[in-house]
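The following exercises are to be worked with the sequence and the model side by side. Each task is followed by a solution in steps.

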Amino acid sequence: MAEEPWIAGIDVGGTGVRVALARLGRAGHPEPADGTELEAPARVTAAGHDAGGLLATVLPALEGLLARAGGPAVVAVAVGATGMALLGRDLAARLPGPLARTTGARRLALASDAVTAYAGALGTRAGVTVAGGTGLVALGCRPGTGWHRADGWGQLLGDCGGGAWIGRAGLEAALRHHDGRPGGSAVLHGAAVDRFGPVTGLPGTLQPRPDRAALLAGFAPEVGRAAAAGDPAAAAIVDRAAEEISASAVAAATGLADPCLALTGGLFALPGLADSVRRRTGAALPGARWHPADGPPLLGALRIAAALAAEDAPLPWAVAPPLLDVVPL
């Protein structure tokens, strides 16, 4: 009997990278064998998401996993990356060759992390996934008609309610307190000083950094803790975040009757945020059915790679570059 083939999944978030190898089981489902997680804030250059920096992180991790597994040949790889849909030119141009040489794979999927979040949370069910981490994106999937994305426009123009959005709002409240303007928070001012030093230095600390979004998102847990402790400014930020997230979920559900909904991502560990989003979304979509996420975006990447391994069958998700593209290697 032939040995089950191997596949690889890569999840690139705003603050870290996760890589996994899996066997392809008899039913076509991935059976994870080994994996690793690395702290690596996403860096954005003039060409988009920095492919060189990502490869410097991912390739050694893949090589290590392959060595531990005895050097198997991998038949398919799927990469889900933050910014792939909007800032993925460098990734699309530079990832395929090195990944093919390292793994021996014949097929590669390049996807937005919104797509891998969807595949990990809901599989092939029709519905909406809200992925919240450094950024925020809602993605609706309709069988036969493709994807409907809401937000995910990046730190400068959107990602409303995401980690960087919350962190930025928290630092604004700290600066308001420093100035004596309404809407300030002494609690968040103290947290900002503890993390960054005097708040007068915040612009110089944050503006030049290519990983600025990750730094802002790192302050979101401080906002969540302050809100849970009763700080009015922090509570208002978290409440507004829930409002923004729910609005994106409702928008992504346009055209879906009684959609299946899932929340996924570390953002929803903030106290009370997930419950508030569910209440608001349920009021707007009374027929919606909440589904606990099957797994994280890394599972979604492995599910896509598993589907790619069946070369004679189409993917069960719509191939729609730049959200999801299949690259022969």
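A salt bridge is counted where a side-chain nitrogen of Lys or Arg lies within 4 Å of a carboxyl oxygen of Asp or Glu. The model used throughout is a predicted one.

**Exercise 1. Salt bridges**

Task: Determine which parts of the chain are linked by the salt bridge of Asp-34 and Arg-68, and classify the exposure of both residues.

Solution. 
Step 1. The side chains of Asp-34 and Arg-68 form a salt bridge with an N to O distance of 2.9 Å.
Step 2. Distant parts of the chain are linked by this pair, since Asp-34 belongs to strand S3 (residues 30–39) and Arg-68 to helix H1, 34 residues apart.
Step 3. Asp-34 has a relative accessible area of 26% and is therefore partly exposed. Arg-68, at 57%, is exposed.

Task: Compare this with the pair Arg-168 and Glu-172; where do these two residues lie?

Solution. 
Step 1. A salt bridge of 3.0 Å, N to O, joins the side chains of Arg-168 and Glu-172.
Step 2. Both residues are in helix H6, four residues apart, which is about one turn of the helix.
Step 3. Arg-168 is partly exposed at 48% relative accessible area, and Glu-172 is partly exposed at 26%.

Task: Which residue forms a salt bridge with Asp-294, and which residues are joined into one network?

Solution. 
Step 1. The partner of Asp-294 is Arg-303, with the closest N and O atoms 3.2 Å apart.
Step 2. Salt bridges with shared partners also join Asp-11, Arg-18 and Glu-37 into one network.
Step 3. Asp-294 is partly exposed, at 33% relative accessibility; Arg-303 is likewise partly exposed, at 22%.
Step 4. In total, the structure holds 13 salt bridges.

**Exercise 2. Two helices**

Task: Check the span of helices H1 and H13 against the expected values, and list their buried residues.

Solution. 
Step 1. H1 (residues 51–68) comprises 18 residues and spans 25 Å from its first C-alpha to its last, close to the expected 26 Å.
Step 2. Buried in H1 are Ala-51, Leu-54, Leu-55, Val-58, Leu-59, Ala-61, Leu-62, Leu-65 and Leu-66.
Step 3. Just after H1 comes Gly-70, with a positive phi of about 90°.
Step 4. H13 (residues 297–309) has 13 residues and reaches 18 Å between its first and last C-alpha atoms, close to the 18 Å expected.
Step 5. Eleven of the 13 residues of H13 are buried, so the helix is mostly covered, buried meaning under 20% relative accessible area. Among them are Pro-297, Leu-298, Ile-304 and Leu-308.

**Exercise 3. Strands and sheets**

Solution. 

Task: Which strands are at the edges of the open sheet of five strands?

Solution. 
Step 1. The order of this sheet is S10-S9-S8-S11-S12, with mixed pairing.
Step 2. S10 and strand S12 (289–290) are the edge strands, each pairing on one side only.
Step 3. Strand S11 (residues 260–264) runs parallel to S12 and is joined to it by two bridges; Leu-261 has Trp-290 in S12 as its bridge partner.
Step 4. Within S9 (residues 136–142) lies Ala-138, which is buried at a relative accessible area of 0%. Its C-alpha atom is 6.8 Å from that of Val-128, ten residues away along the chain.

**Exercise 4. Cysteines and a surface patch**

Solution. 
Step 1. A disulfide is a covalent bond between the sulfur atoms of two cysteines.
Step 2. A pair of sulfur atoms must be within 2.5 Å to count.
Step 3. The closest cysteine sulfur to that of Cys-260 is in Cys-141, 11 Å away, and therefore too far for a bond. The count of disulfides is zero.
Step 4. Cys-260 is buried, at 5% relative accessibility.

Task: Which residues make the nonpolar surface patch of about 430 Å²?

Solution. 
Step 1. The patch is made by Trp-153, Leu-156 and Leu-157.
Step 2. Trp-153 is situated in the loop between strand S10 (146–151) and helix H6 (163–179).
Step 3. With 48% relative accessibility, Trp-153 is partly exposed.

Conventions. Residues are numbered from 1 along each chain as its sequence is written. This is a predicted model: local features need pLDDT of at least 70, side-chain atom pairs count only at pLDDT 80 or more; totals for chains, interfaces and linings use all residues. Side-chain values use heavy atoms; hydrogens and water are left out. The expected span of a helix is 1.5 Å times one less than its number of residues. Buried means under 20% relative accessible area, exposed over 50%, partly exposed in between (1.4 Å probe, protein chains only). Patches are made of residues with over 30% relative accessible area and no salt bridge: like charges are joined within 9 Å, nonpolar side chains (Val, Leu, Ile, Met, Phe, Trp, Tyr) within 5 Å. Accessible areas come from the Shrake-Rupley method with a 1.4 Å probe; for residues, only the protein chains shown count as cover. Two strands pair if DSSP finds at least two bridges between them.
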